[in-house]
Amino acid sequence: MNHNVRSAALWQQLWRFLLGLLLVMLAYPAVSQQESKVLRSGWYQWDPYQYEIVKDELKHLTGLDVQLLRAVFGKMGIELQIDPVGWRQHQLDVKDGTRDIAGGAFRSKEREAYAYYSIPYRSEKDMLYVRKDEQKKFRFKTAEDLVKILETGTYKLGVIDGYFYGGPLMQYINDPRYADRIIKVKDDRANFTNLLEHKIDAFPIDHLVGATLGWRHGWQKQVVEMPNPVFEDSIHVLFSKKTTNPELVERFNQTLLQMQNSGEYNKVMRDYLLPVLLGQTAGQTWFFIIDLIGTIAFAISGLLLAREGKYSLFGALVLAALPSIGGGVLRDILINREKLSVLSSPVYLATIFATVMFFYVVFHVEDWYRRKKKTTHGHEHMFIGRISNHAAIEFFDALGLSTFAVVGVIVAVEAKIQPLWMWGPLLAALTGAGGGILRDVIRADADNPGLKGSFYAEVALIWGLILSLFLNWYSFLPKYELIHLTLAVVGVILGGLATRIAVVYYKIRSPMY
C-alpha cells in the first residue's frame, strides 16, 4: 500500500516537472524576444543617414540613423548587429524574421502587414532630380502632376528597389504598362550615375541624400533638384512581427522620447546633419568664390606690407601665405585634424602664388610708370592709383577675416568639438586672425596690431559666437533646410565685414589689460 502511494507520488512529481518544462519551452521564444541583447539590422550606402568612413585604414559604419538607433537601443541594453544588405532584401528579411528591425522607413499598408512601427524619429522629403538642360520638361507642383508628365512622355524613371515614394508615384511605378520605363537600382549613387549617362531621365531621392551626394561628388553642375517635393512624410523604425513584440516597440518609443527631452537626440542630429549641411553650404560655388576672395584678400594684405617694408620676392610670398593659410594650419594642428586643410587642395597655394606674381608685375609696372612721369612723391603709401595702402589693407583684411571666421566654425562643427558655443568662436578667431598675428610676429612688428589694441580678432570671436549660438538653437528645430544655413553664413560674412569696417572708420580700440 505504501509502495503504491510512493509510486503515485513520484509519477505525479515527474508529471509536474515535465509539464513545467513544457511551459518553459513554450514561453522561451517570448522571453528571448523581450530580453534579447542583440537585434539584427542592415544598411546600404545612404549618406548622410548611413555610410562608411575610413579611419586609421579601417572602415567604420556611421551616419545619423546608425548613431541614433545605436544610442537608443544602447540605453535599452540592446546591441545592434548591422550588416550590408539592399533595401528590398532588408524588407523581405524583416518580413520573414531574418532581421529584427529596419530604420529609415515610411509607413505603407504593405509594411503594416509584417512589421510594427515606432513613433516617428525624423521626417523625410523626396525630391526629383533631372539633368540641368532638361528641367523644363519636368515642371510640376504635385506628385499627381509629375505622374501625368511621366505617363504622357517616354521618360525613364530611376528608383531604388523596395522604396516607397508615396501613393501617386507608387501607382505609376507598379503599373505593368510602364514597367519598361522603370529602372530599379540598389542605391542612390547608381541613380545619379544612370542620370549622368542618360540611361534614365529623372529619379526621386531624399532631399538631404541628393544634396550630400551632389556635393561630395561634384554633380551639382550637371543635375538640378526640382523645387516641389514628390513625397514628404515621417520616418519610423520597423520591428519584425516574427521576432519582436509591441512591448519592445513601446520600450524603444519611451527611450527615444527620453532622449528627445534630455537633449541627447538633438546632439546626434547636430553632429551628423549640421556638418553635412554646412559642408554643402561651403561647397557651393558662391562660397568657394568668396573663400578664394578671402585668400586673395589676406595675401594682398601681406603683399602691401612686403611692399612697404621692401621685402624680397620670397619674403613677399611668406607674408602673403601666412595670413591666408597660417591660421587654418594652426587650427588643424590644435584639433589634431587628420589632414591639414591646406593639403586637401592645391587651389589655395596656387592662388596665393598667382596673386604674388600678379602684383609683382603690377607694382613694377606702376613703379616704371611713376619714374617715367617723374611722380615719385608718396608712391610708397599708395596701392593702385588713389587707393592708399592703409585703406586697401584694412578692407582686404576685413573681408578675409569675416570669411575665414565662418570656416573656423564649420571646422568646429565637423570635428564635433563641444561645447560649440566656446570652441566655435575660438576656432573662428584662430582661423581668421591667427595667420595675421603670425605674419606680424615674423615681421618682428613690436606693435603687433592683432595683440595690442586693435579690435581685430574680437570681430571673428563675436561673429563666430553668433553663428555658433544660431547653430545650437537651430539643432533643436524639427527640420533642417540648406537655405537657412546658407542665409546664416551670408549674414555672418556681411556682419563681420561691416563690423570690421566700422571699427576702422570709428577707430574703435580693444579694451586694454
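In which loop is P48 found? I located P48 in the loop between β1 (38-43) and β2 (51-55); helices (H or I, at least four residues) and strands (E, at least two) are DSSP runs, numbered from the N terminus.

**Basis of the entries.** I note that this is a predicted model, in which local features need pLDDT of at least 70 and side-chain atom pairs count only at pLDDT 80 or more, while totals for chains, interfaces and linings use all residues. Residues are numbered from 1 along each chain as its sequence is written, and side-chain values use heavy atoms, with hydrogens and water left out.

**Overall figures.** I found 17 helices and 14 strands in the chain. Of its 513 residues, 50% count as buried (buried means under 20% relative accessible area, exposed over 50%, partly exposed in between, with a 1.4 Å probe and protein chains only). The accessible surface comes to about 26200 Å², and carbon and sulfur atoms hold 61% of this; the areas come from the Shrake-Rupley method with a 1.4 Å probe, and for residues only the protein chains shown count as cover. I also looked up contacts (heavy atoms within 4.5 Å): among those with a separation of 6 or more, 74% are between residues 24 or more positions apart.

**Backbone.** Most residues other than glycine have a negative phi, and most peptide bonds are trans. Phi of K416 is positive, near 55 degrees, and the residue is partly exposed at 36% relative accessible area. K310 has a positive phi near 55 degrees; K310 sits in the loop between α11 (285-308) and α12 (313-334) and is exposed, at 67% relative accessibility.

**Parallel strands.** I traced strand β8 (residues 157-160) to strand β9 (residues 182-185): the two run parallel and are joined by 4 bridges (strands pair if DSSP finds at least two bridges between them). The chain crosses between them through helix α6 (residues 167-174) in a right-handed β-α-β crossover; with the strands pointing away from the viewer, such a path from the first strand over the helix to the second runs clockwise. Within the pair, V159 of the chain stands opposite K184 in β9.

**Salt bridges.** The structure holds 22 salt bridges (a side-chain nitrogen of Lys or Arg within 4 Å of a carboxyl oxygen of Asp or Glu). R122 pairs with D65, the closest N and O atoms being 2.9 Å apart. R122 lies in strand β7 (residues 122-131) and D65 in helix α2 (residues 64-75), so the bridge ties together parts 57 residues apart in sequence. Are R122 and D65 buried or exposed? I found R122 buried, and D65 likewise. R88 and D161 meet at 3.5 Å, N to O. R88 belongs to helix α3 (residues 87-96) and D161 to the loop between β8 and α6, so this bridge links parts 73 residues apart in sequence.

**Surface.** L313, Y360, V361, V365, W368 and Y369 form a nonpolar patch with about 600 Å² of accessible area together. Patches are made of residues with over 30% relative accessible area and no salt bridge, like charges being joined within 9 Å and nonpolar side chains (Val, Leu, Ile, Met, Phe, Trp, Tyr) within 5 Å. Helix α13 (residues 347-373) gives the most, with 5 residues.
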